[in-house]
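Here is a short report for a reader meeting this structure for the first time. Please look over the sequence and the model before reading on.

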Amino acid sequence: VHGPQALDTGPDLETLRAAMAAIVGEQHLREDEAALDLVSQDIWERGEHRALIVVAPGSTRELAQVVQVAHRLGLSLAPRGAGMSYTGAYLPANAASITLDMRRMDRILAISPQDMTGKKKKKKKKNSALI
(Lines give C-alpha, C1' and ligand atoms only; values in the text may rest on other atoms or scores of the structure.)
Protein backbone atom coordinates (compact mmCIF):
# COMPACT_ATOMS: atom_id res chain seq x y z
CA VAL A 1 0.00 0.00 0.00
CA HIS A 2 1.49 3.30 -0.99
CA GLY A 3 0.87 6.62 0.78
CA PRO A 4 -0.74 9.50 -1.12
CA GLN A 5 2.58 11.22 -1.58
CA ALA A 6 5.11 8.42 -1.08
CA LEU A 7 8.39 10.10 -0.24
CA ASP A 8 11.91 9.17 -1.24
CA THR A 9 12.90 9.73 2.37
CA GLY A 10 10.78 9.25 5.44
CA PRO A 11 9.50 11.77 7.93
CA ASP A 12 11.39 12.70 11.07
CA LEU A 13 11.92 9.32 12.75
CA GLU A 14 11.33 10.66 16.27
CA THR A 15 7.97 12.10 15.21
CA LEU A 16 7.03 8.83 13.53
CA ARG A 17 8.16 6.77 16.52
CA ALA A 18 6.25 8.93 19.00
CA ALA A 19 3.06 8.77 16.93
CA MET A 20 3.22 5.00 16.56
CA ALA A 21 4.16 4.43 20.22
CA ALA A 22 1.14 6.46 21.27
CA ILE A 23 -1.04 4.04 19.30
CA VAL A 24 0.47 0.59 19.90
CA GLY A 25 2.83 1.16 22.83
CA GLU A 26 6.64 1.20 22.86
CA GLN A 27 6.81 -2.57 23.34
CA HIS A 28 5.13 -3.12 19.96
CA LEU A 29 7.64 -1.11 17.93
CA ARG A 30 10.84 -2.50 16.46
CA GLU A 31 13.57 -0.40 14.96
CA ASP A 32 16.71 -2.35 15.72
CA GLU A 33 19.00 -3.25 12.83
CA ALA A 34 18.18 -6.97 12.91
CA ALA A 35 14.40 -6.40 12.81
CA LEU A 36 14.60 -3.83 10.01
CA ASP A 37 16.87 -6.10 7.97
CA LEU A 38 14.56 -9.08 8.49
CA VAL A 39 11.38 -7.32 7.34
CA SER A 40 13.18 -5.81 4.36
CA GLN A 41 13.87 -9.19 2.72
CA ASP A 42 12.02 -12.35 1.81
CA ILE A 43 13.23 -15.92 1.39
CA TRP A 44 15.07 -15.25 -1.88
CA GLU A 45 16.13 -11.64 -1.91
CA ARG A 46 16.88 -8.50 0.01
CA GLY A 47 14.48 -5.71 -0.89
CA GLU A 48 15.58 -2.57 -2.65
CA HIS A 49 14.38 -0.47 0.31
CA ARG A 50 14.52 -0.79 4.07
CA ALA A 51 11.58 -0.25 6.41
CA LEU A 52 11.73 2.81 8.66
CA ILE A 53 10.11 1.01 11.60
CA VAL A 54 8.10 -2.12 12.40
CA VAL A 55 4.71 -1.50 14.02
CA ALA A 56 2.61 -4.31 15.52
CA PRO A 57 -1.05 -3.28 15.98
CA GLY A 58 -3.09 -5.49 18.29
CA SER A 59 -6.62 -4.48 17.34
CA THR A 60 -8.59 -3.18 14.40
CA ARG A 61 -8.76 0.19 16.18
CA GLU A 62 -4.97 0.36 16.47
CA LEU A 63 -4.57 -0.78 12.88
CA ALA A 64 -6.92 1.95 11.64
CA GLN A 65 -5.03 4.60 13.63
CA VAL A 66 -1.66 3.40 12.31
CA VAL A 67 -2.99 3.53 8.74
CA GLN A 68 -4.35 7.07 9.31
CA VAL A 69 -1.00 8.32 10.61
CA ALA A 70 0.87 6.64 7.75
CA HIS A 71 -1.52 8.21 5.23
CA ARG A 72 -1.14 11.65 6.82
CA LEU A 73 2.67 11.35 6.68
CA GLY A 74 2.67 10.02 3.11
CA LEU A 75 4.14 6.66 4.10
CA SER A 76 3.81 3.33 2.35
CA LEU A 77 2.66 0.27 4.30
CA ALA A 78 4.14 -3.19 3.99
CA PRO A 79 1.87 -5.65 5.85
CA ARG A 80 3.66 -8.77 7.04
CA GLY A 81 2.27 -11.94 8.58
CA ALA A 82 4.59 -14.85 9.33
CA GLY A 83 7.16 -13.66 6.80
CA MET A 84 7.51 -16.72 4.58
CA SER A 85 6.96 -15.05 1.24
CA TYR A 86 8.71 -16.17 -1.90
CA THR A 87 7.32 -13.28 -3.92
CA GLY A 88 8.56 -10.13 -2.17
CA ALA A 89 4.94 -9.11 -1.65
CA TYR A 90 5.53 -7.63 1.81
CA LEU A 91 8.80 -5.85 1.12
CA PRO A 92 8.99 -2.06 1.63
CA ALA A 93 7.97 -0.31 -1.59
CA ASN A 94 10.16 2.73 -1.06
CA ALA A 95 12.38 4.45 1.51
CA ALA A 96 9.29 5.86 3.24
CA SER A 97 7.75 2.52 4.22
CA ILE A 98 6.73 1.08 7.54
CA THR A 99 6.17 -2.61 8.08
CA LEU A 100 2.95 -3.71 9.76
CA ASP A 101 3.70 -6.80 11.84
CA MET A 102 0.28 -8.48 11.91
CA ARG A 103 1.18 -11.35 14.25
CA ARG A 104 -0.63 -9.81 17.24
CA MET A 105 -3.90 -9.91 15.30
CA ASP A 106 -4.05 -13.67 15.38
CA ARG A 107 -7.70 -14.62 15.91
CA ILE A 108 -10.51 -14.76 13.37
CA LEU A 109 -13.70 -14.98 15.39
CA ALA A 110 -16.36 -15.23 12.70
CA ILE A 111 -16.64 -15.07 8.92
CA SER A 112 -19.82 -14.48 6.98
CA PRO A 113 -19.35 -15.58 3.35
CA GLN A 114 -22.83 -14.30 2.48
CA ASP A 115 -22.06 -10.65 3.17
CA MET A 116 -18.24 -10.91 3.21
CA THR A 117 -17.88 -9.54 6.74
CA GLY A 118 -16.52 -10.73 10.02
CA LYS A 119 -18.04 -10.42 13.45
CA LYS A 120 -16.20 -9.71 16.63
CA LYS A 121 -17.46 -11.59 19.66
CA LYS A 122 -17.10 -10.19 23.15
CA LYS A 123 -14.20 -11.72 24.94
CA LYS A 124 -12.24 -11.18 28.11
CA LYS A 125 -8.76 -11.27 26.61
CA LYS A 126 -7.04 -8.06 25.59
CA ASN A 127 -5.81 -9.52 22.30
CA SER A 128 -8.06 -8.43 19.46
CA ALA A 129 -8.99 -10.39 16.41
CA LEU A 130 -9.09 -9.91 12.71
CA ILE A 131 -12.64 -9.32 11.60
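## A pairing to start from

Arg 80 has Asp 101 of strand 4 as its bridge partner. Strands here are DSSP runs (E, at least two residues), and helices are DSSP runs too (H or I, at least four residues), numbered from the N terminus. Two strands count as paired if DSSP finds at least two bridges between them.

This is a predicted model: local features need pLDDT of at least 70, side-chain atom pairs count only at pLDDT 80 or more, and totals for chains, interfaces and linings use all residues. Residues are numbered from 1 along each chain as its sequence is written, and side-chain values use heavy atoms, with hydrogens and water left out.

## The whole protein

The protein has three helices and six strands. From the N terminus, the order of elements is α-β-α-β-α-β-β-β-β.

Of its 131 residues, 41% are buried. Buried means under 20% relative accessible area, exposed means over 50%, and partly exposed lies in between (1.4 Å probe, protein chains only). The protein exposes about 8,000 Å², with carbon and sulfur atoms supplying 55% of that area. Accessible areas come from the Shrake-Rupley method with a 1.4 Å probe; for residues, only the protein chains shown count as cover.

Contact means heavy atoms within 4.5 Å. Take the contacts between residues at least 6 apart in sequence: 61% of them join residues at least 24 apart.

Four strands form an open sheet in the order 1-2-4-3, with mixed pairing. Its edge strands are strand 1 (29-30) and strand 3 (76-80), each pairing on one side only. Strands of a sheet pair through backbone hydrogen bonds, either parallel or antiparallel.

Strand 1 pairs with strand 2 (residues 54-55) in the antiparallel sense, over two bridges. Arg 30 has Val 54 of strand 2 as its bridge partner. Strand 2 runs parallel to strand 4, joined by two bridges. Here Val 54 stands opposite Thr 99 of strand 4. Strand 3 also runs parallel to strand 4, and five bridges join them.

## Strand 4 and its cover

What is the burial state of strand 4? Strand 4 is mostly covered, with five of its five residues buried. Ser 97, Thr 99 and Asp 101 point one way, while Ile 98 and Leu 100 point the other way. In a regular strand the side chains alternate between the two faces of the sheet.
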